[in-house]
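Reader: I am new to this one and would like a friendly tour. Could you show it to me before we talk?

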Amino acid sequence: MKRRDPFFWASAVFMVLLVLFAIFWPMFGYGFDQVVSRPYMPFSGKFWLGTDELGRDVFTRLAYGARISLVVGITVQAISLLFGITAGVLGIYGNKWVAGPIMRFTDGMFAFPDILLAILIIAVWKPGIIPVIVALAITAWPAFARLVYTQVASLKDREFAVAAKAAGGSTFYIVTRHILPQLWGILMAVTVVELAATILAESTLSFLGIGVQPPQPSWGIMIETARENMNSHPEMLIGPCVILSLTIFALNFLGDGLRGYLDPKEK
């Protein structure tokens, strides 16, 4: 990563501001379901992005929507990393009767389109934040498992791992002290990129009406509601569409920059 890469640093600044916006703005703004004025008030100094079809402040709802997107995205990535690292390591160091089925099951998961599998899981369960997190985590962990598997396979016979084993180090010691520390850079970069995909998937599910449910202000719900009234009030699409697009772009630029900086193979 170039130290003066403007896209990377602009993305980093945007994500910091987005996190601060999600954390602090709801403390000072209105409630996400609070009617504060007449419906479809224009942009003004009091209502920066106007009000929606029920008279709720759009800018405040964007902050609450950012909370939902970030919480869902980070939780899904944490679960995916946990299961992916465990599966990938077991695929290399586990016994054959454990490693074989785990990796065959991981390969089988790639046969299902992610968003369609998530829709199926939510349809069997019910719409809501928890089902969305579970569904997206189930579809996300196989990619991490495959990545960890290939990386561990290339590192387990390196000099430092062989020396640690010759010195009497246990498998757990070798993996946690010598193998996984080599992977944190690439895993962090991939996680940031996958976070963008997760946020987009959550918004898509909410847009379809099977994700986060009203009155929770998911960006996907806000886009769908604005779409229904786009002929008479097209300005309602500006806020949620712009912030979702900028978030996806920022996370992708941030992930690419981190990959170039943290992955030794990219240097």
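**Overall make-up**

Author: The protein chain holds 10 helices and 0 strands; both are DSSP runs numbered from the N terminus, helices being H or I with at least four residues and strands E with at least two. This is a predicted model, in which local features need pLDDT of at least 70 and side-chain atom pairs count only at pLDDT 80 or more, while totals for chains, interfaces and linings use all residues. Residues are numbered from 1 along each chain as its sequence is written, and side-chain values use heavy atoms, leaving out hydrogens and water.

Reader: What box do the C-alpha atoms of the protein chain fill?

Author: The box is taken along the principal axes. Its dimensions are roughly 75 × 45 × 30 Å.

Reader: How many percent of the residues count as buried?

Author: Buried means under 20% relative accessible area, exposed means over 50%, and partly exposed lies in between (1.4 Å probe, protein chains only). Of the 267 residues in the protein chain, the buried share is 44%.

**Inside the chain**

Reader: How many salt bridges does a search of the whole structure find?

Author: A salt bridge is a side-chain nitrogen of Lys or Arg within 4 Å of a carboxyl oxygen of Asp or Glu. Searching the whole structure with that rule gives a total of 9.

Reader: How many residues apart in sequence are the parts that Arg56 and Asp33 tie together?

Author: These two form a salt bridge, with their closest N and O atoms 2.7 Å apart. Arg56 and Asp33 both lie in the loop between helix H1 (6-28) and helix H2 (58-93), so the pair ties together parts separated in sequence by 23 residues.

Reader: Is Asp52, which meets Arg56 in a salt bridge, buried or exposed?

Author: The side chains of Asp52 and Arg56 meet at 2.8 Å, N to O. Arg56 has 7% relative accessibility and counts as buried, whereas Asp33 at 39% is partly exposed. Asp52 has a relative accessibility of 5%, so it counts as buried.

Reader: Is Glu159 buried or exposed?

Author: Glu159 meets Arg158 in a salt bridge of 4.0 Å, N to O. Arg158 is partly exposed at 40%. Glu159 has 61% relative accessibility, so it counts as exposed.
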